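The entries below record what I looked up and what I found.

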Amino acid sequence: MAQSAVLTPSLAKSGDAFSRLTITNLNPAETCRAFEQGRKAYIVGDYSNAVKHYTHALDSLQSDLFSVIAVHRAVAYEMMGKYDSAIHDCQSANPNLDTPCPDVYFAQSNTFILQDRLRDALLVYDRAKKRVPENCSEYQELDRRQHELHEEINRKNIRITQDLPTELISKIVSYLSLGSRIELALTCRYWHKYMLQECNEMWSTIDVTTSDISVLSKMHRQILQAAMRAQVRTIKLDMSFMTDKDPGSASDEGSNGDEADSSKWTASTIVQRNWNSIRSLDVENPKGAPFRSILEATKETLESLEVHTRHHFSNYRTEALVDAARICPNLRSVTNDMTGFLQPSDFGCILSVLPSSNVHLTQLALLSPSDPDTLCRLFESSPYIVSLALNSTYYPKHHASILYSIYEHCQALQSLSYKQDYNEMLTTVYSRPPQTEHPQNYLKSIEIQVRESDGGQTANIKQTLAMIVQKSRGTLETLKVDATNIGTDWILQQHDGIPRLRTLDLEVPSQFNTLENFHQFLGGCRSLKKATLRGSYFWDSRILINLQSSPIQHLTIMTNEIDDIPVREPGDAVATAMESLVTNAPNLKSFTLGYRQSLGLPDGALTKLMVAIASNPNIRELDLLSTIPTSNSELISMVTCLKNSQIRKLRVELAGRTGAKILKALGMLSNLEYLHIHFPNRRRVDKEPLRKLFSTCQSTRFLVVKLSNLLGHQMIESRQPTVASDIQT
């Protein structure tokens, strides 16, 4: 279908390029002459020259005749509205972009304009003016058209901003990085004025830590200086490579040159131009004197401070927080984020200066080792802490004392994470204390991972954890526990469950037979939406029946990695309860099953379970990555049962080589949109069965297929000479 022109006839119209063509007749004289010379050379036996002349004739034919005909065909395509074909012919007529003939430039630019590809048309004009002789009339015409096109682009920019609300344009431009905003302001006078006068809020955040603005040119600095100081609210700096001196003199080093370090120049500008409206400051690796100068310049308005330090860049670490608390009286929030090897002294200021200032510790993530006594003293002095994350790896002999200190002193705590984490990091957040007294509510989220402990203190750990859960019973929404060496029977002290619990994640190894009343506990968790249960003891008909009556939406049930014992009751009863659960759970949306043969379910139990899943129209996601069937035949049977299900996402593991029968069965899942096939070994995948899978699916729906294995090796093997891009992985 022909495409209509989008611009005014004065700028471009269909057929205009044809009237500008300078070569309207074919002249094969040069080709004929070279051909005749080659024929004569052949007759006298001079075959070398014959080849030379014939080659010249062919080159002449291709370069002259082909180019002329291609350009003429291009303008014909243009009249038909087949712009892509016209562009292709123009490119074929000028493959090296160096022809001095203006015809191809007129044809190509006219087509681009009719497509509203104005920037591409400008590039064609620029290229043409470098190749076409300046003393010809066509050069003058190209120059005139280029000027008109520039004017049209400017008018179009104005029309865009006139048609759209200023707020909407500001929102669009706000997604650009600082460097891109500056570049936009430098494109033309219109955008320069618009960006600096109309988009005041655009300059509320100055982030010079991004890669596209790490070095400021003189024009960049002029744009930033033009932004009124009252507009700037947030500054982000990187002081890693600044010297430890007052930034007031640092800007002079680069102000007269072509380039300047962005963070150094910005720091100097804050001090020299008194940008005293800054409310938020984000600094990486602060240096003493420059950082203090910035604090002095912004102390009346600064409310939020974030400091990020890496050990090998700065010795000025927690002292930055002390200076901030001392200099800035209006601070409401202070964050200190450290990475690298940490020393206890790196958070010593928590115990000294800051508690007596306007801000108090409210969040702490300490993933590096520390002295347990220091931690306990820290909790005593932090009554307003609401979020706490500690690395349990470093305190195998002090779990009980640390947890009890948290229970006793952190009365405002809402989130507790006490688990293994091998990062070296300290993050502290300080904020002003709440105006009201501590709420009666306690923790909303608990994550506990205790895998190593002194056997003599196991009872104390259980008692403390039970006290924490009991205290949080009315508010707890998330409970995640991995306590391999201490069990989880302490949870069951809440016989009536936890009424507001929404997420439950438990891992119970087989040696802890401590969940006899767990089904009663589940019955009291009336708000449970997501449950992850790892361990053979969860394969219990009473537990499964209680889950059936809960509002559960996402369920994961699997064996523990170290479990190797059968279920505690007859496998038929467990299998029947599982089928009833997935059939009748009214809100169940996703189901993850981790089954091993050692559980002892009867033969065919997995196939019957798939039939039950297919009967529940609410189940849309099924994860079988941790389920190992006895054979690929059983897997084929399981997948076949899901043929008419509502499953949209399926994850499955194939232990053997990919076979056509398995993939054919997967292709028959009528509603499948996402398929993840995992291989537990280095086996490669035959491409042909996958190709057939795609051929089966592509006519009816869109299907995403992901292939993976444990080591991340290339998974596709082709037995035919086909390109790898045919199969998406």
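**Entry 1: conventions**

I noted that this is a predicted model, in which local features need pLDDT of at least 70, side-chain atom pairs count only at pLDDT 80 or more, and totals for chains, interfaces and linings use all residues. Residues are numbered from 1 along each chain as its sequence is written, and side-chain values use heavy atoms, with hydrogens and water left out.

**Entry 2: neighbouring strands**

Two strands count as paired if DSSP finds at least two bridges between them.

I began with strand 15 (residues 530-534), which pairs with strand 16 in the parallel sense over five bridges. Within this pairing, Thr532 stands opposite Thr556 of strand 16. Strand 16 (residues 554-558) is mostly covered, with four of its five residues buried; buried means under 20% relative accessible area, exposed means over 50%, and partly exposed lies in between (1.4 Å probe, protein chains only).

I then followed strand 16 to strand 17, and these two pair in the parallel sense over five bridges. Thr556 has Thr592 as its bridge partner in strand 17.

Strand 17 (residues 590-594) runs parallel to strand 18 (residues 621-624), and three bridges join them. Here Ser590 has Glu621 of strand 18 as its bridge partner. Strand 18 also pairs with strand 19 (residues 649-653), in the parallel sense and over four bridges. In that pairing, the partner of Glu621 is Lys649 of strand 19.

**Entry 3: crossovers**

Strand 15, helix 20 (residues 541-548) and strand 16 form a right-handed β-α-β unit. A right-handed β-α-β unit is also made by strand 17, helix 22 (residues 605-614) and strand 18. Strand 18, helix 23 (residues 632-641) and strand 19 make a right-handed unit of this kind as well.

**Entry 4: salt bridges**

How many salt bridges does the structure hold? I found 15, a salt bridge being a side-chain nitrogen of Lys or Arg within 4 Å of a carboxyl oxygen of Asp or Glu. Side chains of opposite charge can pair when their charged atoms come close.

I looked at Asp89 and Arg73, whose side chains meet in a salt bridge at 2.7 Å, N to O. This pair links distant parts of the chain, with Asp89 in helix 4 (residues 83-93) and Arg73 in helix 3 (residues 47-80), 16 residues apart. Asp89 is buried at 3% relative accessibility, whereas Arg73 is partly exposed at 45%.

Next I turned to Glu141 and Arg144, which meet in a salt bridge at 2.5 Å, N to O. Both lie in helix 7 (residues 137-163), three residues apart, about one turn of the helix. Glu141 counts as buried at 14% relative accessibility, while Arg144 is partly exposed at 37%. I also noted that Glu141, Arg144, Arg145 and Glu148 are linked in a network of salt bridges.

A further salt bridge joins Arg500 and Glu477, with the closest N and O atoms 3.5 Å apart. It links distant parts of the chain: Arg500 is in the loop between strand 13 (478-482) and strand 14 (503-507), and Glu477 is in the loop between helix 18 (458-471) and strand 13, 23 residues apart. Arg500 is partly exposed at 40%, and Glu477 is partly exposed at 26%.

**Entry 5: cysteines**

I searched for disulfides (a pair of cysteine sulfur atoms within 2.5 Å) and found zero. Cys90 is buried at 1% relative accessibility, and Cys328 is buried at 3%.

**Entry 6: a buried alanine**

Is Ala107 buried or exposed? At 1% relative accessibility, Ala107 is buried; its place is in helix 5 (residues 103-114). I found Ala107 and Val75 to be 6.3 Å apart in space, C-alpha to C-alpha, and 32 residues apart in sequence.

**Entry 7: the surface**

Technical notes
Right-handed = clockwise from strand over helix to strand, strands pointing away.
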